[in-house]
Amino acid sequence: MCGIVGYVGKQDGVPFLLEGLQRLEYRGYDSAGVAAVKNGTLRVHKAEGRVRAVAESLPKRVTGTLGIAHTRWATHGPPSDVNSHPHCDTEGRVAVVHNGIIENAVILRDMLHAEGVELVSDTDTEVLAHLIARAEGDELDDRVRAALQQVEGAYGIAVCDAGVPDRIVVARNGSPVVLGVGNGEMFVASDVAALVRHTQQVVFLEDGELATVTADGFRTFTLDAQFTNKVATAVELSDDDYSRGLHTHYLRKEIGDQPEAVHGTLRGRLDHRFATARLGGLELSARELRSIRRVKILGCGSAYYAGIAGAQLIESIARLPADAEPASEFRYRAPVIDPETLYVAVSQSGETADTLGAVLEVQRKGARVLGVVNAVGSSIASATDSGVYLHAGPEVSVASTKAFTCTLTVFALLALHLGRVRDLGPGDGERLIAGLEALPDQIDEILATEEHVAEVAGRIAGATSAFFIGRVRGFPVALEGAQKLKEISYVHAEAYPASELKHGPLALITPTLPTVAVVPDDEMLDKNRNALQQVAARGGRLVAVAHGHPGEGLADDVLLVPRSEPELDPILLSIPLQLLAYHAAVALGRDVDQPRNLAKSVTVE
Ligand code: AGP
């Protein structure tokens with residue numbers, strides 16, 4: 001969703017600001033803007049639409065060695081030029097960019113209005129600019145602190161003041177802010193993606209922390225002016241990690257990244273000697289792990305579907321009761337929190353507001369939460385009590401692919417680890433380790449079938465609707481397959497347990513409604529064949545994702561995957577469905593990487 005970039009140094013910062021905004025485009029936005037300070041004058045240029053349009057229409061006078069910039073995703077007020085950030089005070093001296101939502105904005109607007117301030121936009125952010133301009137205090141950081149003390153809600157902000165042209169003040173509460181340390185220059189952003197071309201030395205602010213950033217360095221402190229002692233650390237990410245190389249779309253690049261990404265998830269975590277997995281971030285002793293009675297997995301969208309597959313891995317391998325629930329629903333249904341349950345929060349971005357809210361709710365009620373997160377230093381990674389990173393590398397395309405398979409891989413590792421401190425024998429441990437080690441090469445085998453998958457995608461792309469079916473392990477794969485097709489091709493798709501078809505949806509089967517069936521060669525194969533027969537008997541077109549042909553006359557097309565250990569099958573079965581959705585979206589000419597109405601990190605409820 002929204003993105004923040006800032007620069008203070010010795011050269012014109014505007015090229016960096018525009019480049020940074022372009023690097024944050026993947027998060028989703030509807031408008032963009034830049035503010036720069038030169039010779040004590042603040043100049044702002046902002047507009048609804050793409051960053052490129054803002055850059056192309058940028059007046060030459062918008063330049064300066066200090067500036068802030070923003071991509072906005074509308075919350076308060078529709079997308080428009082005037083609602084775009086930066087927002088300024090009445091005199092045009094203070095500029096603010098803001099991610100998050102100020103919950104008491106209406107009260108603050110009324111208060112400012114009563115004091116004679118004319119607000120020009122519909123946004124919650126504009127109040128901050130006026131509050132900072134009117135606050136008392138000698139230093140900009142004092143005025144920002146005073147303003148923030150009146151604010152309720154979530155924010156990541158960057159502020160500049162034409163009267164103090166050597167500094168940016170930033171603050172974080174529930175929305176990320178990272179500082180990049182350069183040589184005689186400093187960078188600010190809401191996401192390291194905007195910085196890594198310029199520096200790998202970064203400082204992640206904590207919630208409740210502010211920083212004053214000048215060309216020579218930074219100083220961090222709290223809302224009540226207590227200094228905090230932060231040092232820069234190196235991020236293991238470079239510009240190449242955010243490049244799509246020779247691919248037309250990030251999504252295709254990220255599907256192709258999966259052999260290496262899964263390898264990265266497994267790296268250093270398999271222990272042949274004790275036939276188990278080692279997860280350094282777990283921070284739970286064998287005794288504590290044995291005292292766990294249940295596992296509850298929380299996530300949204302694809303992260304939730306990965307959680308369903310994860311719960312099945314844990315139940316089947318560790319023999320612990322486990323289930324998954326959408327984090328967005330869990331936090332509002334007054335859940336009973338059980339201290340003997342291990343709660344697990346899953347998030348690629350680590351910034352999903354609903355998932356973060358669920359984490360805080362569980363912690364408030366006294367239980368611990370384990371994070372399974374891709375983005376290092378993100379809000380959920382910081383908020384959880386312990387965590388396992390995916391190490392999948394940055395995922396730029398809005399639709400999740402490699403993070404999904406790497407999350408399943410982490411759950412396989414977690415299940416193996418939990419199983420081996422409980423009742424799983426070493427033989428099964430070795431069997432699963434061998435299965436995990438084989439995954440990268442097997443994914444390569446699936447990627448080699450892309451041409452065939454693209455042909456099949458061409459045959460289903462014209463449908464207005466599709467069913468995805470699967471049973472037990474195949475069901476979360478079907479859910480995720482339908483999600484991918486919906487998100488990027490805009491073809492309506494629904495996933496059902498194959499067993500449920502006859503209880504209602506079968507009424508919709510016609511020759512024009514294709515069904516994609518996940519039918520691994522496992523203990524459910526015969527039952528799955530029954531469902532396929534029910535579809536075929538009604539003239540429905542069938543695409544099977546399988547280890548072999550599911551039976552004479554039962555599928556019009558078969559997408560083959562190599563056999564794995566049965567528990568690990570969902571990882572491989574998901575990959576042809578990613579390619580299927582991708583090629584359907586390409587055939588339909590969709591905006592694959594930035595599908596309409598969607599954002600990469602959903603930082604609002
Ligand atoms: C996945 O393709 C979707 N873009 C979406 O469902 C996503 O998985 C969900 O919003 C959760 O995101 P997170 O993993 O960053 O928390």
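**Exercise 1.** How many cavities of 30 Å³ or more does the count come to?

*Solution.* Keep in mind that we are working with a predicted model. Counting gives three cavities that reach 30 Å³ or more.

**Exercise 2.** Describe the largest cavity by its volume, its lining and the classes of its lining residues.

*Solution.* Step one is the volume: the largest cavity holds about 70 Å³. Step two is the lining, which includes C2, R72, W73, H76, H85 and D124. Step three is sorting by class: two lining residues are nonpolar, seven are polar and two are charged.

**Exercise 3.** Now do this for the second largest cavity.

*Solution.* Its volume is about 40 Å³. Look for C2, R27, N99, S175, P176, S190 and T603 along the lining of the second largest cavity. They divide into two nonpolar, four polar and one charged.

**Exercise 4.** Which residues surround the ligand most closely, and which helix gives the most to the shell?

*Solution.* Start with the shell: 15 residues surround the ligand, and the closest are S347, Q348, S349, T352 and E487. By class, the shell has five nonpolar, eight polar and two charged residues. Next, turn to the helices: α9 (302–318) and α16 (474–489) each supply at least two shell residues. With three residues, α16 gives the most.

**Exercise 5.** Find polar atoms of the protein that lie by oxygen atoms of the ligand, and say what share of the ligand the protein covers.

*Solution.* Then check the backbone, where a polar atom of S400 is 2.8 Å from an oxygen of the ligand. Finally, the protein covers 90% of the 410 Å² of accessible area that the ligand has on its own.

Note on methods
Residues are numbered from 1 along each chain as its sequence is written. This is a predicted model: local features need pLDDT of at least 70, side-chain atom pairs count only at pLDDT 80 or more; totals for chains, interfaces and linings use all residues. Side-chain values use heavy atoms; hydrogens and water are left out. On a 1 Å grid over the protein atoms alone, a cavity is a set of points where a 1.4 Å probe fits but cannot get out, and a pocket is an open set with protein on both sides within 12 Å along at least five of seven lines; lining residues have an atom within 4 Å of a point. Grid points are joined across faces, edges and corners, and a volume is the space filled by probe spheres set on the points. Ala, Val, Leu, Ile, Met, Phe, Trp, Tyr, Cys and Pro count as nonpolar, Asp, Glu, Lys and Arg as charged, and the others, Gly among them, as polar. A residue is near a molecule or strand if one of its heavy atoms lies within 4 Å of it. A polar contact is a pair of N or O atoms within 3.5 Å; within protein, one must be able to donate a hydrogen and the other to accept it, and residues adjacent in sequence count only if both atoms are side-chain atoms. Accessible areas come from the Shrake-Rupley method with a 1.4 Å probe; for residues, only the protein chains shown count as cover. Helices (H or I, at least four residues) and strands (E, at least two) are DSSP runs, numbered from the N terminus.
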